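Dear colleague,

I am handing over the structure shown below, and after it you will find what turned up on going through it. Please read the notes with the structure open beside them.

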Amino acid sequence: MKIIEVTNYQEMSKAAADYIISKVQKSPNLILGLATGGTPVGTYKYLVEDHKKNKTSYKDVTTFNLDEYVGLAKENPQSYHSYMNEHFFNHIDINPANTHIPNGKIESIKDEPAAYEELIKESGGIDLQILGIGQNGHIGFNEPGTPFSSNSHIIELAPSTIEANARYFESPEEVPTKANTMGINTIMRSKEILLLVSGENKRQALTQLLEGKISESFPASALLNHPNVVIIADEAARSGR
Ligand code: GLP
């Protein structure tokens, strides 16, 4: 596990974008795993700026997003589909057919996650997975207690996650209670993982991760078993470490 120490959110976002850009330039047909939430917004901003200025192309890149809320249609402004279009896909030259996001409008929720898993495998697997971390250590939407052996699945969100994500909705009651997420095993099969951690509210989670104890009660600790993880963490998250 390698840690890149940066000063603040801006620097984290720029460093993450530069990291991704260099991978895309080296491998134009990169399979890129993407994350949502507040953390990567700045990264997407820099990627879009770079695309406009330096013409880094995504036309042969394939993407797989980590997760989606269950019960939100793609068109719903709070969906992660909308988020990805707004922050990234609408501003670059990616082929929409090459972008994949778990389905939130699931009629038969049983088959969808397995099909998503299959799609990732067929693509050759994720080369670089971008990750954020929840305050309770969740990655994707894998809440504490999720087996490390889990593949893509439907999960019940923890009350603390609903509370943390309520800021994006009119009220906590509007936050979906379930999500369709890559599993921990899905994430672990990525060849490389880039974990972004910013802000004081992530300090506890980062501290716990760096303590090095591996336990399913703290999902991010699975990453300690991965051979190729880079963390970019800002000062507020590192608490002066
Ligand atoms: C969300 C997402 C995660 C994200 C995490 C942190 O619920 N499902 O993929 O990494 O929680 O979110 P934020 O970056 O907004 O703090």
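In which helix is Gln208 found? Gln208 is found in helix H7, which covers residues 203-211; helices (H or I, at least four residues) and strands (E, at least two) are DSSP runs, numbered from the N terminus. Before going further, please keep in mind that this is a predicted model, in which local features need pLDDT of at least 70 and side-chain atom pairs count only at pLDDT 80 or more, while totals for chains, interfaces and linings use all residues. Residues are numbered from 1 along each chain as its sequence is written.

Gln208 is partly exposed, with 17 other C-beta atoms within 10 Å; a residue is buried if 20 or more other C-beta atoms lie within 10 Å of its own, exposed if 12 or fewer, and partly exposed in between, with C-beta atoms placed from the backbone. Leaving aside neighbours within four places in sequence, Gln208 is in contact with Gly137 and Phe218, where contact requires that the two C-beta atoms, placed from the backbone, lie within 7 Å. Asn136 is 72 residues from Gln208 in sequence, and their C-alpha atoms are 9.9 Å apart in space.

As for the whole chain, the protein has eight helices and ten strands, and 41% of its 241 residues count as buried. Among the contacts with a separation of 6 or more, 81% are between residues 24 or more positions apart. The C-alpha trace spans about 45 × 45 × 35 Å along its principal axes.

Helix H1 (residues 9-26) has 18 residues and reaches 26 Å from its first C-alpha to its last, close to the 26 Å expected, the expected span being 1.5 Å times one less than the number of residues. Its buried residues include Tyr9, Met12, Ile20 and Val24, and what covers the buried residues of H1 includes strand E1 (2-5), helix H2 (41-54), strand E9 (192-197) and strand E10 (229-233).

In helix H3 (residues 80-87), the residues Tyr80, His81, Tyr83 and Met84 are buried. Seen down the axis of H3, these buried residues fall within an arc of 160 degrees, so they line one face of the helix; the arc is that of the directions from the helix axis to the C-beta atoms. They pack against strand E2 (31-34), strand E3 (62-65) and strand E4 (67-69).
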